[in-house]
Amino acid sequence: MKSFPHPERIAALKPTAVNRVLEEVRSLQRDGKKLVSLMRGQPDSSTPGHIVEAAIAALGAGRTGYADNRGEPALREAVAEKLHRSHGLRYDPAEEILITDGATLGVYIALGALLSSGDEVIVPAPIYDAYEAVILLWGGVPRFVPGEIDQGRFSLDPRKLEAACTPKTRLLLLNSPWNPVGSVLAKTEIEHLADLAERFNLVIISDEIYDSLVYDGRRHLTPAALCRDRTVVVNSLSKTYAMTGWRVGYCAGPEPIIRSMFLLLQQSSRGPATFVQDAASAALQGDQTCVEYMRQEFQRRRDFVVAQLEGIDGVRTLVPEGGLFVMLDVRGLGRTSDEIRRFLLHDAGVVVLHGSAYGEAGEGMLRVSFAAGGDTLEQGVALLKAGLEKLSQTPSASPISPQPR
Ligand SMILES: Cc1ncc(COP(=O)(O)O)c(C=O)c1O
(Lines give C-alpha, C1' and ligand atoms only; values in the text may rest on other atoms or scores of the structure.)
Protein backbone atom coordinates (compact mmCIF):
# COMPACT_ATOMS: atom_id res chain seq x y z
CA MET A 1 0.00 0.00 0.00
CA LYS A 2 1.35 3.38 -1.00
CA SER A 3 2.07 5.63 1.95
CA PHE A 4 0.68 9.14 1.85
CA PRO A 5 1.68 12.19 3.89
CA HIS A 6 -0.16 12.48 7.19
CA PRO A 7 0.59 15.90 8.68
CA GLU A 8 0.47 16.44 12.42
CA ARG A 9 -2.51 18.78 12.18
CA ILE A 10 -4.56 16.00 10.61
CA ALA A 11 -3.47 13.52 13.26
CA ALA A 12 -5.02 15.88 15.84
CA LEU A 13 -8.46 15.57 14.23
CA LYS A 14 -11.06 12.96 15.04
CA PRO A 15 -14.40 12.31 13.38
CA THR A 16 -17.42 13.97 14.97
CA ALA A 17 -19.47 11.88 17.41
CA VAL A 18 -22.32 11.62 14.92
CA ASN A 19 -19.98 10.26 12.24
CA ARG A 20 -18.39 7.77 14.66
CA VAL A 21 -21.71 6.40 15.83
CA LEU A 22 -23.08 6.40 12.28
CA GLU A 23 -20.32 3.98 11.31
CA GLU A 24 -21.48 1.57 14.02
CA VAL A 25 -25.11 2.07 13.00
CA ARG A 26 -24.41 1.35 9.32
CA SER A 27 -22.47 -1.77 10.12
CA LEU A 28 -25.36 -3.11 12.25
CA GLN A 29 -27.85 -2.16 9.53
CA ARG A 30 -25.78 -4.03 6.94
CA ASP A 31 -26.23 -7.11 9.16
CA GLY A 32 -29.99 -6.60 8.97
CA LYS A 33 -30.58 -4.97 12.38
CA LYS A 34 -33.56 -2.62 12.58
CA LEU A 35 -32.72 0.61 14.41
CA VAL A 36 -34.58 3.79 15.26
CA SER A 37 -32.45 6.90 15.46
CA LEU A 38 -32.86 9.68 18.01
CA MET A 39 -29.38 10.94 17.28
CA ARG A 40 -29.20 13.76 14.77
CA GLY A 41 -30.12 17.42 15.12
CA GLN A 42 -31.76 17.49 11.74
CA PRO A 43 -35.34 18.85 11.57
CA ASP A 44 -37.42 16.22 9.73
CA SER A 45 -39.67 18.64 7.83
CA SER A 46 -38.78 19.71 4.33
CA THR A 47 -37.70 23.27 3.61
CA PRO A 48 -40.80 25.54 3.41
CA GLY A 49 -42.25 25.75 -0.11
CA HIS A 50 -41.69 29.48 -0.68
CA ILE A 51 -37.95 29.03 -0.03
CA VAL A 52 -37.70 26.09 -2.44
CA GLU A 53 -39.62 28.10 -5.06
CA ALA A 54 -37.22 31.01 -4.66
CA ALA A 55 -34.30 28.66 -5.38
CA ILE A 56 -36.04 27.22 -8.43
CA ALA A 57 -36.86 30.71 -9.72
CA ALA A 58 -33.22 31.76 -9.19
CA LEU A 59 -31.99 28.71 -11.10
CA GLY A 60 -34.50 29.48 -13.88
CA ALA A 61 -33.19 33.04 -14.00
CA GLY A 62 -29.66 31.77 -14.50
CA ARG A 63 -28.37 32.67 -11.04
CA THR A 64 -25.64 30.07 -11.36
CA GLY A 65 -22.47 32.14 -11.65
CA TYR A 66 -19.96 32.92 -8.92
CA ALA A 67 -21.57 34.68 -5.99
CA ASP A 68 -20.14 37.85 -4.47
CA ASN A 69 -17.47 36.30 -2.25
CA ARG A 70 -18.69 38.26 0.80
CA GLY A 71 -22.21 37.01 0.11
CA GLU A 72 -24.80 38.39 -2.28
CA PRO A 73 -25.62 42.01 -1.32
CA ALA A 74 -29.36 41.26 -1.05
CA LEU A 75 -28.70 38.45 1.41
CA ARG A 76 -26.33 40.56 3.49
CA GLU A 77 -29.09 43.21 3.64
CA ALA A 78 -31.58 40.53 4.71
CA VAL A 79 -29.22 39.38 7.47
CA ALA A 80 -28.77 42.97 8.68
CA GLU A 81 -32.56 43.34 8.83
CA LYS A 82 -32.90 40.06 10.70
CA LEU A 83 -30.35 41.10 13.34
CA HIS A 84 -32.11 44.42 13.75
CA ARG A 85 -35.53 42.77 13.96
CA SER A 86 -34.37 40.19 16.54
CA HIS A 87 -31.98 42.24 18.68
CA GLY A 88 -32.24 45.89 17.66
CA LEU A 89 -28.61 45.69 16.47
CA ARG A 90 -27.35 47.57 13.42
CA TYR A 91 -24.69 45.98 11.19
CA ASP A 92 -23.34 47.44 7.98
CA PRO A 93 -24.04 44.84 5.25
CA ALA A 94 -21.09 46.15 3.23
CA GLU A 95 -18.43 45.56 5.89
CA GLU A 96 -19.78 43.81 8.95
CA ILE A 97 -21.58 40.77 7.51
CA LEU A 98 -20.35 37.67 5.68
CA ILE A 99 -22.31 34.82 4.14
CA THR A 100 -20.85 31.38 4.86
CA ASP A 101 -21.49 27.74 4.06
CA GLY A 102 -23.44 27.12 7.25
CA ALA A 103 -22.38 27.90 10.80
CA THR A 104 -19.65 25.28 10.40
CA LEU A 105 -17.64 27.48 8.07
CA GLY A 106 -18.54 30.57 10.13
CA VAL A 107 -16.99 29.07 13.28
CA TYR A 108 -14.02 27.83 11.24
CA ILE A 109 -13.11 31.20 9.75
CA ALA A 110 -13.88 33.12 12.94
CA LEU A 111 -11.41 30.94 14.88
CA GLY A 112 -8.91 31.14 12.03
CA ALA A 113 -9.14 34.92 11.88
CA LEU A 114 -8.61 35.36 15.61
CA LEU A 115 -6.25 32.66 16.87
CA SER A 116 -2.48 32.73 16.94
CA SER A 117 -0.49 29.70 17.93
CA GLY A 118 -0.85 28.94 21.66
CA ASP A 119 -3.82 31.26 22.21
CA GLU A 120 -6.38 29.88 24.60
CA VAL A 121 -10.11 29.62 24.04
CA ILE A 122 -12.57 29.31 26.91
CA VAL A 123 -15.29 26.82 26.00
CA PRO A 124 -18.17 25.83 28.30
CA ALA A 125 -18.55 22.06 28.54
CA PRO A 126 -20.06 19.71 27.60
CA ILE A 127 -20.25 21.26 24.16
CA TYR A 128 -20.90 20.58 20.48
CA ASP A 129 -17.99 18.36 19.55
CA ALA A 130 -17.02 20.05 16.29
CA TYR A 131 -15.37 23.05 18.00
CA GLU A 132 -12.35 21.40 19.58
CA ALA A 133 -10.78 20.11 16.36
CA VAL A 134 -11.01 23.51 14.69
CA ILE A 135 -9.41 25.27 17.65
CA LEU A 136 -6.55 22.75 17.47
CA LEU A 137 -6.29 23.05 13.71
CA TRP A 138 -5.69 26.80 14.02
CA GLY A 139 -3.03 26.26 16.69
CA GLY A 140 -5.26 27.28 19.62
CA VAL A 141 -5.68 25.58 22.99
CA PRO A 142 -9.21 24.81 24.18
CA ARG A 143 -9.84 25.38 27.90
CA PHE A 144 -13.03 23.55 28.74
CA VAL A 145 -14.93 24.90 31.71
CA PRO A 146 -17.50 22.38 32.95
CA GLY A 147 -21.03 23.64 33.49
CA GLU A 148 -22.94 22.55 36.57
CA ILE A 149 -26.40 21.10 36.89
CA ASP A 150 -28.30 23.53 39.06
CA GLN A 151 -32.08 23.29 39.47
CA GLY A 152 -32.40 20.85 36.59
CA ARG A 153 -30.33 22.81 34.04
CA PHE A 154 -26.71 23.22 33.10
CA SER A 155 -25.38 26.64 34.04
CA LEU A 156 -21.99 28.36 34.07
CA ASP A 157 -20.22 29.42 37.23
CA PRO A 158 -18.64 32.86 36.55
CA ARG A 159 -15.89 32.15 39.12
CA LYS A 160 -14.82 29.00 37.28
CA LEU A 161 -14.81 30.84 33.97
CA GLU A 162 -12.70 33.58 35.43
CA ALA A 163 -10.31 31.08 37.04
CA ALA A 164 -9.77 29.50 33.61
CA CYS A 165 -8.61 32.81 32.07
CA THR A 166 -4.85 33.27 31.70
CA PRO A 167 -2.74 35.92 29.95
CA LYS A 168 -2.98 33.70 26.86
CA THR A 169 -6.78 33.64 26.76
CA ARG A 170 -8.12 35.38 23.67
CA LEU A 171 -11.55 33.98 22.97
CA LEU A 172 -14.76 32.84 24.57
CA LEU A 173 -16.70 30.40 22.38
CA LEU A 174 -20.37 30.27 23.29
CA ASN A 175 -23.39 28.38 22.05
CA SER A 176 -26.83 29.40 23.30
CA PRO A 177 -29.24 27.64 23.03
CA TRP A 178 -26.53 25.26 24.14
CA ASN A 179 -25.94 21.96 22.34
CA PRO A 180 -26.04 19.34 23.86
CA VAL A 181 -27.40 20.48 27.25
CA GLY A 182 -30.39 22.59 26.15
CA SER A 183 -29.80 25.64 28.39
CA VAL A 184 -30.68 29.05 26.99
CA LEU A 185 -28.31 31.53 28.61
CA ALA A 186 -30.29 33.96 30.75
CA LYS A 187 -29.71 37.71 30.84
CA THR A 188 -27.66 37.56 34.03
CA GLU A 189 -25.48 34.78 32.61
CA ILE A 190 -24.84 36.78 29.44
CA GLU A 191 -24.05 39.84 31.57
CA HIS A 192 -21.42 37.85 33.50
CA LEU A 193 -19.89 36.59 30.25
CA ALA A 194 -19.84 40.06 28.70
CA ASP A 195 -18.23 41.43 31.85
CA LEU A 196 -15.58 38.69 31.74
CA ALA A 197 -14.89 39.45 28.08
CA GLU A 198 -14.44 43.15 28.89
CA ARG A 199 -12.14 42.55 31.86
CA PHE A 200 -9.92 40.02 30.09
CA ASN A 201 -10.11 41.69 26.69
CA LEU A 202 -11.62 38.60 25.02
CA VAL A 203 -13.49 38.28 21.75
CA ILE A 204 -16.72 36.28 21.97
CA ILE A 205 -17.65 33.92 19.17
CA SER A 206 -21.34 33.29 19.64
CA ASP A 207 -22.81 30.33 17.73
CA GLU A 208 -26.56 31.05 17.71
CA ILE A 209 -27.74 28.33 15.36
CA TYR A 210 -30.68 27.29 17.59
CA ASP A 211 -31.83 30.88 18.21
CA SER A 212 -35.36 30.30 16.91
CA LEU A 213 -35.88 27.14 18.98
CA VAL A 214 -36.54 28.46 22.48
CA TYR A 215 -39.39 27.21 24.61
CA ASP A 216 -41.84 28.19 27.34
CA GLY A 217 -41.90 31.85 26.32
CA ARG A 218 -38.13 32.35 26.69
CA ARG A 219 -36.17 34.69 24.41
CA HIS A 220 -32.81 34.08 22.87
CA LEU A 221 -30.36 36.83 23.84
CA THR A 222 -27.11 37.50 22.03
CA PRO A 223 -23.96 38.70 23.82
CA ALA A 224 -23.61 41.14 20.91
CA ALA A 225 -26.44 43.14 22.50
CA LEU A 226 -24.07 43.86 25.41
CA CYS A 227 -20.67 43.91 23.75
CA ARG A 228 -21.17 44.29 20.03
CA ASP A 229 -17.63 45.59 19.52
CA ARG A 230 -16.08 42.33 20.72
CA THR A 231 -18.59 39.71 19.52
CA VAL A 232 -18.77 37.70 16.31
CA VAL A 233 -22.28 36.33 15.82
CA VAL A 234 -22.35 33.05 13.89
CA ASN A 235 -25.66 31.70 12.67
CA SER A 236 -27.19 29.65 9.88
CA LEU A 237 -30.47 28.80 8.26
CA SER A 238 -29.95 25.05 8.83
CA LYS A 239 -32.25 24.58 11.82
CA THR A 240 -34.50 27.66 11.63
CA TYR A 241 -35.80 26.92 8.14
CA ALA A 242 -35.08 23.16 7.91
CA MET A 243 -32.24 23.87 5.47
CA THR A 244 -29.44 21.66 6.82
CA GLY A 245 -28.43 20.45 3.35
CA TRP A 246 -28.44 23.88 1.69
CA ARG A 247 -25.27 24.93 3.51
CA VAL A 248 -25.97 28.59 4.10
CA GLY A 249 -25.27 30.74 7.13
CA TYR A 250 -23.89 34.12 8.14
CA CYS A 251 -21.58 35.98 10.49
CA ALA A 252 -21.79 39.52 11.82
CA GLY A 253 -19.14 41.36 13.77
CA PRO A 254 -16.73 44.29 13.97
CA GLU A 255 -15.30 45.30 10.59
CA PRO A 256 -11.62 44.42 11.31
CA ILE A 257 -12.55 40.86 12.32
CA ILE A 258 -14.93 40.41 9.40
CA ARG A 259 -12.17 41.69 7.09
CA SER A 260 -9.81 38.92 8.31
CA MET A 261 -12.55 36.32 8.09
CA PHE A 262 -13.27 37.42 4.53
CA LEU A 263 -9.65 36.72 3.59
CA LEU A 264 -10.07 33.16 4.86
CA LEU A 265 -13.44 32.79 3.12
CA GLN A 266 -11.82 33.77 -0.19
CA GLN A 267 -9.18 31.10 0.33
CA SER A 268 -11.71 28.39 1.11
CA SER A 269 -15.28 28.09 -0.17
CA ARG A 270 -16.06 31.60 -1.48
CA GLY A 271 -19.54 31.12 -0.13
CA PRO A 272 -22.68 29.17 -0.93
CA ALA A 273 -24.14 28.82 -4.43
CA THR A 274 -25.76 31.98 -5.80
CA PHE A 275 -29.25 30.44 -6.12
CA VAL A 276 -28.98 29.11 -2.56
CA GLN A 277 -28.25 32.65 -1.37
CA ASP A 278 -31.37 33.89 -3.21
CA ALA A 279 -33.42 31.22 -1.41
CA ALA A 280 -31.85 32.29 1.91
CA SER A 281 -32.91 35.90 1.24
CA ALA A 282 -36.45 34.66 0.61
CA ALA A 283 -36.33 32.74 3.89
CA LEU A 284 -35.14 35.69 5.98
CA GLN A 285 -37.39 38.26 4.33
CA GLY A 286 -40.52 36.17 3.83
CA ASP A 287 -43.37 35.26 6.15
CA GLN A 288 -41.93 33.89 9.43
CA THR A 289 -45.01 31.77 10.26
CA CYS A 290 -43.06 28.62 9.36
CA VAL A 291 -40.47 29.44 12.04
CA GLU A 292 -43.08 29.81 14.76
CA TYR A 293 -44.83 26.67 13.55
CA MET A 294 -41.60 24.69 13.89
CA ARG A 295 -40.89 26.15 17.31
CA GLN A 296 -44.30 25.04 18.57
CA GLU A 297 -43.94 21.60 17.02
CA PHE A 298 -40.50 21.07 18.63
CA GLN A 299 -41.83 22.21 21.99
CA ARG A 300 -44.60 19.59 21.67
CA ARG A 301 -41.99 16.92 20.85
CA ARG A 302 -39.81 17.97 23.76
CA ASP A 303 -42.78 17.73 26.11
CA PHE A 304 -43.63 14.28 24.76
CA VAL A 305 -40.09 12.96 25.32
CA VAL A 306 -39.88 14.43 28.81
CA ALA A 307 -43.28 12.98 29.81
CA GLN A 308 -42.50 9.51 28.41
CA LEU A 309 -39.15 9.20 30.15
CA GLU A 310 -40.33 10.19 33.59
CA GLY A 311 -40.16 7.74 36.49
CA ILE A 312 -37.32 5.44 35.35
CA ASP A 313 -35.12 4.48 38.31
CA GLY A 314 -31.66 6.01 38.05
CA VAL A 315 -32.60 8.35 35.18
CA ARG A 316 -33.32 12.06 35.47
CA THR A 317 -34.49 14.17 32.56
CA LEU A 318 -33.11 17.69 32.15
CA VAL A 319 -35.86 19.67 30.46
CA PRO A 320 -34.26 21.67 27.64
CA GLU A 321 -35.04 25.38 27.41
CA GLY A 322 -34.09 25.43 23.74
CA GLY A 323 -32.57 23.43 20.89
CA LEU A 324 -33.36 19.94 19.70
CA PHE A 325 -32.03 17.66 22.44
CA VAL A 326 -33.07 16.28 25.80
CA MET A 327 -30.21 15.37 28.13
CA LEU A 328 -30.79 12.38 30.38
CA ASP A 329 -28.76 12.22 33.57
CA VAL A 330 -28.07 8.48 33.77
CA ARG A 331 -25.42 8.54 36.49
CA GLY A 332 -27.85 6.61 38.68
CA LEU A 333 -27.45 3.57 36.41
CA GLY A 334 -23.85 3.13 37.53
CA ARG A 335 -22.31 2.70 34.09
CA THR A 336 -20.50 4.93 31.64
CA SER A 337 -22.56 6.84 29.11
CA ASP A 338 -20.86 5.02 26.23
CA GLU A 339 -21.66 1.63 27.77
CA ILE A 340 -25.29 2.66 28.09
CA ARG A 341 -25.39 4.05 24.55
CA ARG A 342 -23.96 0.82 23.14
CA PHE A 343 -26.39 -1.30 25.15
CA LEU A 344 -29.29 0.80 23.84
CA LEU A 345 -27.99 0.47 20.29
CA HIS A 346 -27.36 -3.27 20.32
CA ASP A 347 -30.02 -4.48 22.74
CA ALA A 348 -32.86 -1.96 22.52
CA GLY A 349 -32.38 -0.95 18.86
CA VAL A 350 -32.35 2.81 19.48
CA VAL A 351 -29.58 5.25 18.57
CA VAL A 352 -28.71 8.06 20.99
CA LEU A 353 -25.41 9.78 21.77
CA HIS A 354 -23.32 9.32 24.88
CA GLY A 355 -22.65 12.53 26.81
CA SER A 356 -18.91 11.84 26.96
CA ALA A 357 -18.79 12.43 23.19
CA TYR A 358 -19.21 16.11 24.17
CA GLY A 359 -16.28 16.06 26.57
CA GLU A 360 -15.64 14.70 30.04
CA ALA A 361 -18.22 17.09 31.47
CA GLY A 362 -20.89 15.16 29.56
CA GLU A 363 -20.05 11.82 31.20
CA GLY A 364 -23.08 10.32 32.90
CA MET A 365 -25.46 11.87 30.34
CA LEU A 366 -27.21 10.72 27.19
CA ARG A 367 -28.28 13.09 24.41
CA VAL A 368 -31.66 12.29 22.88
CA SER A 369 -32.71 14.19 19.78
CA PHE A 370 -36.34 15.14 19.17
CA ALA A 371 -35.57 16.60 15.75
CA ALA A 372 -37.41 13.70 14.12
CA GLY A 373 -41.07 13.38 15.04
CA GLY A 374 -43.99 11.08 14.13
CA ASP A 375 -43.46 7.31 14.27
CA THR A 376 -39.70 7.68 14.62
CA LEU A 377 -40.05 9.65 17.83
CA GLU A 378 -42.83 7.45 19.24
CA GLN A 379 -41.07 4.19 18.48
CA GLY A 380 -37.64 5.51 19.43
CA VAL A 381 -38.80 6.81 22.80
CA ALA A 382 -40.65 3.55 23.53
CA LEU A 383 -37.49 1.53 22.76
CA LEU A 384 -35.37 3.93 24.79
CA LYS A 385 -37.68 3.70 27.77
CA ALA A 386 -37.78 -0.11 27.62
CA GLY A 387 -33.97 -0.26 27.32
CA LEU A 388 -33.37 2.12 30.22
CA GLU A 389 -35.90 0.28 32.41
CA LYS A 390 -34.17 -3.00 31.65
CA LEU A 391 -30.83 -1.46 32.58
CA SER A 392 -32.20 0.07 35.77
CA GLN A 393 -33.22 -3.44 36.86
CA THR A 394 -29.83 -4.95 36.02
CA PRO A 395 -27.31 -4.65 38.87
CA SER A 396 -24.56 -2.30 37.73
CA ALA A 397 -21.92 -4.95 38.48
CA SER A 398 -23.50 -7.33 35.94
CA PRO A 399 -22.01 -7.34 32.48
CA ILE A 400 -24.23 -6.06 29.69
CA SER A 401 -23.73 -6.88 26.07
CA PRO A 402 -21.92 -5.77 24.08
CA GLN A 403 -18.89 -5.44 26.34
CA PRO A 404 -17.29 -2.00 26.31
CA ARG A 405 -14.47 -1.73 23.79
C1 LIG B 1 -24.01 24.11 17.90
C2 LIG B 1 -23.94 23.82 16.44
N3 LIG B 1 -23.24 24.66 15.65
C4 LIG B 1 -23.12 24.44 14.33
C5 LIG B 1 -23.73 23.34 13.74
C6 LIG B 1 -23.57 23.13 12.26
O7 LIG B 1 -24.36 24.05 11.59
P8 LIG B 1 -24.47 24.25 10.02
O9 LIG B 1 -25.39 23.21 9.49
O10 LIG B 1 -25.05 25.61 9.87
O11 LIG B 1 -23.10 24.15 9.47
C12 LIG B 1 -24.49 22.46 14.50
C13 LIG B 1 -25.12 21.29 13.90
O14 LIG B 1 -25.70 20.44 14.51
C15 LIG B 1 -24.59 22.71 15.90
O16 LIG B 1 -25.29 21.90 16.70
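**Figure 1. Surroundings of P93 in the predicted model.** P93 touches P73, R76, E77 and A80, with residues up to four places away in sequence not counted; two residues are in contact if their C-beta atoms, placed from the backbone, lie within 7 Å. The structure is a predicted model, in which local features need pLDDT of at least 70, side-chain atom pairs count only at pLDDT 80 or more, and totals for chains, interfaces and linings use all residues. Residues are numbered from 1 along each chain as its sequence is written. P93 sits in the loop between α4 (73-87) and β2 (97-100); helices (H or I, at least four residues) and strands (E, at least two) are DSSP runs, numbered from the N terminus. P93 counts as partly exposed because it has 18 C-beta neighbours inside 10 Å. A residue is buried if 20 or more other C-beta atoms lie within 10 Å of its own, exposed if 12 or fewer, and partly exposed in between, with C-beta atoms placed from the backbone. From P93 to E198 the separation is 105 residues in sequence and 26 Å in space, C-alpha to C-alpha.

Figure 2. The protein chain is divided into domain 1 (8-46 + 290-392) and domain 2 (65-285), with bounds that come from an automatic or database domain assignment. A distance of 25 Å separates the C-alpha centres of domain 1 and domain 2. To the contact, domain 1 contributes 35 residues and domain 2 contributes 34 residues. On the side of domain 1 that touches domain 2, α11 (289-308) and β12 (325-329) each supply at least two residues. The largest share of that side, six residues, belongs to α11. By class, this side of domain 1 comprises 17 nonpolar, eleven polar and seven charged residues. Here Ala, Val, Leu, Ile, Met, Phe, Trp, Tyr, Cys and Pro count as nonpolar, Asp, Glu, Lys and Arg as charged, and the others, Gly among them, as polar.

**Figure 3. The largest nonpolar core.** Among the 121 residues in the largest nonpolar core, A110 and A279 touch the most other members. Such a core is a set of buried Ala, Val, Leu, Ile, Met, Phe, Trp, Tyr and Cys residues joined through C-beta atoms within 7 Å. Helix α5 (residues 102-114) gives the most to this core, nine residues. Domain 1 (8-46 + 290-392) and domain 2 (65-285) each provide at least three residues of the core. The contacts of A279 are I51, A54, A55, A58 and W246, again leaving out residues up to four places away in sequence. In soluble globular proteins, nonpolar side chains tend to be buried together.

Figure 4. Helix α2 (residues 17-30) has 14 residues and reaches 20 Å from its first C-alpha to its last, close to the 20 Å expected at 1.5 Å a residue; the expected span is 1.5 Å times one less than the number of residues. After α2 comes G32, with a positive phi near 90°. In helix α8 (residues 187-199) lies H192, which is partly exposed because it has 18 C-beta neighbours inside 10 Å. H192 and E162 are 30 residues apart along the chain, and their C-alpha atoms are separated by 9.9 Å.

**Figure 5. Backbone exceptions in loops.** Most residues other than glycine have a negative phi, and most peptide bonds are trans. The peptide bond from A125 to P126 is cis, with omega near 0°, and P126 belongs to the loop between β3 (120-125) and α6 (132-137). Also cis is the peptide bond from S176 to P177, with omega near -15°; P177 is located in the loop between β7 (169-175) and α8. Q151, not a glycine, has a positive phi of about 50° and lies in the loop between β5 (148-150) and β6 (153-155). Q151 is exposed because it has 5 other C-beta atoms within 10 Å. R247, a residue other than glycine, has a positive phi near 60° and is placed in the loop between β9 (231-236) and β10 (249-252). With 19 other C-beta atoms within 10 Å, R247 is partly exposed.
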